[in-house]
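Open the model in your viewer and keep the selection tool at hand.

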Amino acid sequence: MDQTDAANRASPAPLPAVVVDRRPLTDRVADYVRDLIVQDILQPGDPINVQSICSTLQISQTPLREALKMLAAQGLVDLRPNKRVVVASLAANEIEDMLVVYTEMEKLAGRLAALQATPDDLHALQQQEQALMTAFHAGESLRYFHANQAFHQALVHASHNATLIELHNNLNARLYRTRFKGNQWNARSGDWQRVAEEHSKILRAIETRNGDLCAELLARHLNGARASLHAD
């Protein structure tokens, strides 16, 4: 064996990186069910088949029941008598009211972020903006949606206002399916690229500390969810 062969044996090619999800099982199960709801695999009023999900995920009923309690607290499912669980239904006027408040929350968060954002906050926003544009160019709507959600959550966290962060998290959870449908509507209407590219303008407004412009951009940016509601 020559020296080159010995060196190759001593230094094997590096393995590809693997992202390991170390969150509690209950959180991961909740994400799975949430994605079934957001993609209309489970639609409003549909019962949750506990046995089927447990079989698919190869888990016991305990983490699923705990995950369903989390989703019920977020308004995504309703817990009924005799342990029945169904996907929550919201009237159009209820969603409209929530979207009005949600938009105002984001506008406030944008103004505060322009004042309060740290270098770490800006870095997080830049990473999520890059991630959502990568998903957009790949045409992966669900991955885009998750990156989009992460961008807006990073924006609200950059406000450094604990009350606003808590209220936004709660309302965002209830609007999860509606926000996804807004993304889908943008894709169908041909607006997906324009809406995706708006994130860089929002980010730039925060970087330049222009809170009023950031709020204005966010108000326009969030029209997709409302448009999809009226289109249905």
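A crossing of two helices is called left-handed if the near helix is turned anticlockwise from the far one by less than a right angle, and right-handed if clockwise. Keep in mind that this is a predicted model.

**Stop 1: H7 and H9**

Select helix H7, residues 141-157, and helix H9, residues 176-189. H7 passes H9 in a right-handed crossing. The two pack at an angle of about 120°, and their axes are 10 Å apart. Angles of 65 to 115 degrees count as roughly perpendicular and those over 145 as roughly antiparallel, so H7 is oblique to H9.

Now show side chains. On H7, pick Ser141, Leu142, Tyr144, Phe145, His146, Asn148, Gln149 and His152. On H9, pick Tyr176, Arg179, Phe180, Asn183 and Gln184. These residues make the contact between the helices. Color them by class: five are nonpolar, seven polar and one charged.

**Stop 2: a cavity**

How many cavities of 30 Å³ or more does a search of the whole structure find? It finds two. Go to the second largest cavity, which holds about 30 Å³ of space. Select its lining: Ser141, Tyr144, Asn183, Gln184, Ala187 and Trp192. H7 and H9 are the elements that give two or more residues to this lining. Which helix gives the most? H9 does, with three residues. By class, the lining has three nonpolar and three polar residues, and no charged ones.

Ser141, Tyr144, Asn183 and Gln184 line this cavity, and they also belong to the contact of H7 with H9.

**Stop 3: H6 and H10**

Keep Trp192 selected. This lining residue is also part of helix H10, residues 192-207. The cut-off for roughly antiparallel is over 145 degrees, so H6 and H10 are roughly antiparallel to each other.

From H6, select Leu122, Leu125, Gln126, Glu129, Leu132, Met133 and Phe136. They meet Trp192, Gln193, Ala196, Glu197, His199, Ser200, Leu203, Ile206 and Glu207 in H10. By class, this contact has nine nonpolar, four polar and three charged residues.

**Stop 4: H3 and H4**

Move to helix H3, residues 50-57, and helix H4, residues 61-73. Their axes come within 10 Å and cross at roughly 120°. That angle makes H3 oblique to H4. Is the crossing left-handed or right-handed? The crossing of H3 and H4 is right-handed.

Select Val50, Gln51, Ile53 and Cys54 on H3, then Gln61, Leu64, Arg65 and Leu68 on H4. These side by side selections make up the contact. By class, five are nonpolar, two polar and one charged.

Methods:
Residues numbered from 1 in each chain as written. Predicted model: local features only at pLDDT ≥ 70, side-chain atom pairs only at ≥ 80, totals over all residues. Heavy atoms only, no water. 1 Å grid on protein atoms, 1.4 Å probe; cavity = no way out; pocket = protein on both sides within 12 Å on 5 of 7 lines; lining within 4 Å. Points joined across faces, edges and corners; volume = space filled by probe spheres on them. Helix = DSSP H or I, 4+ residues; strand = E, 2+ residues; numbered from the N terminus. Nonpolar A, V, L, I, M, F, W, Y, C, P; charged D, E, K, R; others polar. Axes fitted to C-alpha atoms, helices over the stretch in contact; angles between N-to-C directions. Parallel < 35°, antiparallel > 145°, perpendicular 65-115°, else oblique. Contact = heavy atoms within 4.5 Å.
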